[in-house]
Amino acid sequence: MLNIIKTNSEQQFNETGAGIIASLLQSNPRAILGLATGSTPVGVYEKLIELYKEGSVSFKQASSYNLDEYIGLPVDHPESYRRFMDEKLFNHIDILSENTHVPSGAAANPEQAAKDYANLLDEAGQIDLQLLGLGHNGHIGFNEPAEELTGPPHVVKLEERTRLANARFFPSIDEVPTHALTMGIGSILQAKQILLMAKGEDKAKVIAKALKGPITTKCPASLLQTHSNVVVVVDQAAGRYL
Ligand code: F6R
């Protein structure tokens, strides 16, 4: 089932996303969260921090598994996704740091790190809610469009378009890593519920293609059409063709 929620302002967009995550934690304090980085969830995380500070939500018993991480950046690099999560969310809430998981992009052997992350996810059991942003090429996590997609966590070569989109966070494009470690499409689709969020005019066409177009590995997010519980939160601009 696909439930599309169109929001009218940045504030409503963030509140809606955070509200879905907060209600899950209120009904299931031990929830396993699948989390994303990028610009889309930043305001959602800010709202969650607010809800935590006012005592409406606690992450004390929750655990989290992030979608992806760049390969080759030290953990404390300003653009590593571990650092992003610590700074944008984890350091401001009561989640136990040992319960937060981000794939290890700094590992000497990334292929092994992907296998280790797969094992970790298997041991964790089913993710209750997987938060996703959407790439301009239809990627989710770093599952880039391809003839074939990979189910479990794996190493992926980033498309130039993805590197360019993310270059805004780095001093220059040359410093954007060329590879990443990502949960696979299989790992994502195993979540009980998926929360896909997109905002801005630049996501309007790709989100319509993903949700209403053919199901194809050339638009990895279109695979979400096969999932039984997807909530989509968009702003007016991204939801234009929905
Ligand atoms: C981030 C991730 C990516 C982003 C996507 C959209 O962990 O997995 O798929 O969600 O690239 O990025 P933003 O939100 O910056 O537009």
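This is a predicted model: local features need pLDDT of at least 70, side-chain atom pairs count only at pLDDT 80 or more; totals for chains, interfaces and linings use all residues.
Entry 1. I looked up the ring pairs and counted four aromatic pairs. I took Tyr70 with Tyr81 to begin with: the centres lie 4.7 Å apart and the planes make 45 degrees, and the pair is tilted. That angle is neither under 30 degrees nor over 60, so neither stacked nor edge-to-face applies.

Entry 2. I checked where these two residues lie. Tyr70 is in strand E4 (residues 68–70) and Tyr81 is in helix H3 (residues 81–88), so the contact ties together parts 11 residues apart in sequence.

Entry 3. Buried or exposed, I asked of Tyr70? Tyr70 has 2% relative accessibility and counts as buried. Tyr81, at 8% relative accessibility, also counts as buried.

Entry 4. I then turned to the pair of Tyr70 with Phe170. The ring centres are 5.7 Å apart and the planes stand at 80 degrees, so I noted the pair as edge-to-face. Phe170 sits in the loop between helix H5 (160–166) and strand E8 (179–182), while Tyr70 is in strand E4, so this pair ties together parts that are 100 residues apart in sequence. Phe170 is buried at 7% relative accessibility.

Entry 5. Which residues do the ring pairs link into a cluster? I listed Tyr70, Tyr81, Phe142 and Phe170.

Entry 6. I also looked for a charge over a ring. Lys88 lies over the face of Phe84, at 5.7 Å from the ring centre. The cut-off for such a contact is 6 Å from the ring centre, so this distance falls within it.

Technical notes: Residues are numbered from 1 along each chain as its sequence is written. Side-chain values use heavy atoms; hydrogens and water are left out. Rings of Phe, Tyr and Trp (its six-membered ring) pair if their centres lie within 6.5 Å; planes under 30 degrees apart count as stacked, over 60 as edge-to-face and the rest as tilted. Helices (H or I, at least four residues) and strands (E, at least two) are DSSP runs, numbered from the N terminus. Buried means under 20% relative accessible area, exposed over 50%, partly exposed in between (1.4 Å probe, protein chains only). A charge sits over a ring if NZ of Lys or CZ of Arg is within 6 Å of the ring centre and within 35 degrees of the ring normal.
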